[in-house]
Protein chains: 2
Amino acid sequence: MLTPYDAYLKENHDRFIDELLDFLRIPSISALPEHAEDIDRAAKWVADRLKAAGLEHVEIMPTSGYPVVYADWLRAPDRPTVLIYGHFDVQPADPFDLWDSPPFEPKLEHARIYARGASDDKGNLLSPIIAVEALLQTEQRLPLNVKFLLEGQEEVGSPQLPDFLARNRQKLACDLALSADGLQWSPDQPKIELGYRGICGLQIDVQGPAGDLHSGLYGGMVRNPIQTLSRLLATLHDNAGHILVPGFFDDVVDLTATDRQLMAKPPFDEAGICARLGVDALFGEPEYTPIERVWARPTIEIVGISGGFQGQGAKSIVPSRAQAKLSCRLVADQDPERIAALVKRHIQRQRIPGTQVQVIDIEGRALPYLMPHDHPGNLAVAQVLTELFGNAPFFTRCGGSIPACSLFLKTLGVYTVNFSFSYEDENLHAPNEFVRLKSLEKGQIGYAMLLRALDRQL
Amino acid sequence: MLTPYDAYLKENHDRFIDELLDFLRIPSISALPEHAEDIDRAAKWVADRLKAAGLEHVEIMPTSGYPVVYADWLRAPDRPTVLIYGHFDVQPADPFDLWDSPPFEPKLEHARIYARGASDDKGNLLSPIIAVEALLQTEQRLPLNVKFLLEGQEEVGSPQLPDFLARNRQKLACDLALSADGLQWSPDQPKIELGYRGICGLQIDVQGPAGDLHSGLYGGMVRNPIQTLSRLLATLHDNAGHILVPGFFDDVVDLTATDRQLMAKPPFDEAGICARLGVDALFGEPEYTPIERVWARPTIEIVGISGGFQGQGAKSIVPSRAQAKLSCRLVADQDPERIAALVKRHIQRQRIPGTQVQVIDIEGRALPYLMPHDHPGNLAVAQVLTELFGNAPFFTRCGGSIPACSLFLKTLGVYTVNFSFSYEDENLHAPNEFVRLKSLEKGQIGYAMLLRALDRQL
């Protein structure tokens, strides 16, 4: 026997799908300026849909870039408040010829909807709106206060978000953020991502002689800048892969026994990974497993190097210049500014006569993010995911960076729990992106369950 | 009162200049296939000039490339034999717009002749031919036996010479070679070059993962090939610039006290060199002076490096590949084959799991060359140069490679003494190349003096 909530979802199932198909027809590509009007249309569509769901104070708020759509329902004054995040912009759709059907003419087939943005993030974004509508229609109230923050520039790195958050701290105040943008481990297995790595980049420029020199006439007399650069780069790690920069690990949160137990749960096929990547062995700090290293240990990666003669055959020179670019992946509680300064100091204090070494910042820093696995928000999400999937979630992390999470923590002082239902096989950012109808249903049922569970836990 | 020899030179002075102007009008550019006929014309011109001088067995000998011109005078059976080397090809003349007069329309002005090849090497090549003519005309004999070996491919690296020498060992047999292709220290200061460095090159390829990887998803899990390469390169030298490859110095001829005294004589302006090269200090093995290092110590130079992302800004990858090219300058008695093998072994035995390292040979090896400063040939040349310049010569070496010298030593078993009169300021290989009339006279007088002196010394 269906609850009224479930019955409402069932009755309106076809309408919800039609709405999503409508939404997917808007080519709201944030990376392409010629689609600026489509972003505005998508914002308007979302605002209208929030209003129709019964949300209040719906507002299309301007930013320095594309607008943000805000809405709330705040009629539970003694209850906690959650902020639901998602984005209505999409990735570009080229190469078009690799799509089996046009990316902005959504196709419903085999219980999947194919279209650009179906999985990332329009399908996921709609689920909490539908859940709110269904709750308000069947119960006339929500279990707690809800705010929506839906942006239109996620696919270009959310450049407007830091400023927007800073200017709207009060309006966006909440007890927890929920992200309707993210992945589950697999259709059978949920996960909760507890952490992301931050990032900072540096460029090392080594200047030797003013121009390339004839190695016969000058070789042995002057310092070779590639030699200097190689020596500097070789001091970043020891032979086992440990980073040697003094102070680098000062603020790294050590892994607890529980952390390591949680990280050991997801399956990891080392031989399969090696074969797929084309390497004879994985490599890194031997005290940690490969998964621990990627999820919870910082890196200094040399992303590129150049200098001197790079053509075919030989050229007998002492080169004039050499350059390398570094990218550090950071973990909680490392500060990108401090780490960049430490690496810079480590390089620069090794000044070697005969060459000039300069270290400059590369733009694009991000803070690392880490949420306690036993945070009440995670406990609530874990309970709902277990019910939805029939399996307890893995507690994972991700070695990449998701700036929004650390931004919410820094600006609003709240953690972010991912609650969305995409999977890696859904061709996100690629041709033939699709979403499973089952995922939409999981989201619609799940959000109502989660709001109730959070009201109990927070 | 003039000797008959000097009188002959004086009487024919204008004719010799006209002949050189004629010779310079032939654009015998060996690097450009469209000038193939001009090389043949120059060979014919040289052969005719040798005949006119009274030389015998004049022959244009085919090779796998352009022909060699041979001639001899062997009518002193109990006397030693010298082989005189030079080349009748020239460098390309572009960029033409930087020439003040057309490169192949020689211009005589201010006691200089401007034309491509005037200094390198047509003017110098004519001097011993004229000297032979003047001796035969005035004395009806030469002090010793003379052979000429004049080639047409020096400016493209004499690719045909090794094979030609090997096939004509008997014909070219001699007691000493004289090179009519080379420089003096300055118009006031002669020099004798005792040695040249050899060369060998290697390329190091490091393969990491099969493709560039996302540094968020894989950074910390796999070995970075640029990191591997940097570590390998850093093991080639210590921090003071000493080469660390085992066995590298096994065959290096140590500098004697006399060698070091000779090398200390030429002026060396360290501050001026630093300013000109744009470096704050010279660098290399501290046990040796900069001149000693360039002239008499081997090097491993990293001539180029590349890998990963080399564009503007940042890209967060673990790169797939990295490459470096090495060029070793070698000194007597290092063997390029053995040194290449030693460096290769040193690199390859450091195999680091997670990346594959391959070291491959780069073509273009040359043997080092070193002649004793007190060799009788040098004593004779020193005596003549002192008389010609009014100054004793510096005994120098050169850090570059001159393959012909080591080739003559290896194939014919004889040393080569440079006896020619070009200077660094004469725009060799550059626009507005010129030769001083004074140099031509020094050569014409000098070669007769040298043949007499060699007859006494050898």
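Reader: How many bridges join strand E8 of chain B to E16(B)?

Author: Four bridges join strand E8 (residues 191–196) of chain B to E16(B), and the two run parallel. Strands are DSSP runs of at least two residues and helices are H or I runs of at least four, numbered from the N terminus; two strands pair if DSSP finds at least two bridges between them. Within this pair, Glu193(B) stands opposite Thr396(B) in E16(B). This is a predicted model, in which local features need pLDDT of at least 70 and side-chain atom pairs count only at pLDDT 80 or more, while totals for chains, interfaces and linings use all residues. Residues are numbered from 1 along each chain as its sequence is written, and chains are lettered from A and ligands numbered from 1 in the order in which they are written.

Reader: What is the strand order of that open sheet in chain B?

Author: The order is E15-E8-E16 in an open sheet of three strands, with mixed pairing. Strand E15 (369–370) and strand E16 (394–398) of chain B are the edge strands, each pairing on one side only.

Reader: Changing topic: how many residues of chain B are in contact with chain A?

Author: There are 67 residues of chain B in contact with 67 residues of chain A, where contact means that the C-beta atoms, placed from the backbone, lie within 7 Å. Strand E11 (residues 299–308) of chain B gives the most to that side of chain B, with nine residues.

Reader: And in which sense do E11 of chain A and E11(B) pair?

Author: They pair in the antiparallel sense, over five bridges. Gly304(A) stands opposite Gly308(B) in E11(B).

Reader: Where is the kink in H15(B) centred?

Author: The kink of about 25° is centred on Gly446(B); the bend at a residue is the angle between axes fitted to the seven residues ending there and the seven starting there.

Reader: How far apart are the end C-alpha atoms of that helix, H15 of chain B?

Author: They are 29 Å apart, which agrees with the 30 Å that its 21 residues (437–457) should span at 1.5 Å a residue. The expected span is 1.5 Å times one less than the number of residues.

Conventions. Contact = placed C-beta atoms within 7 Å.
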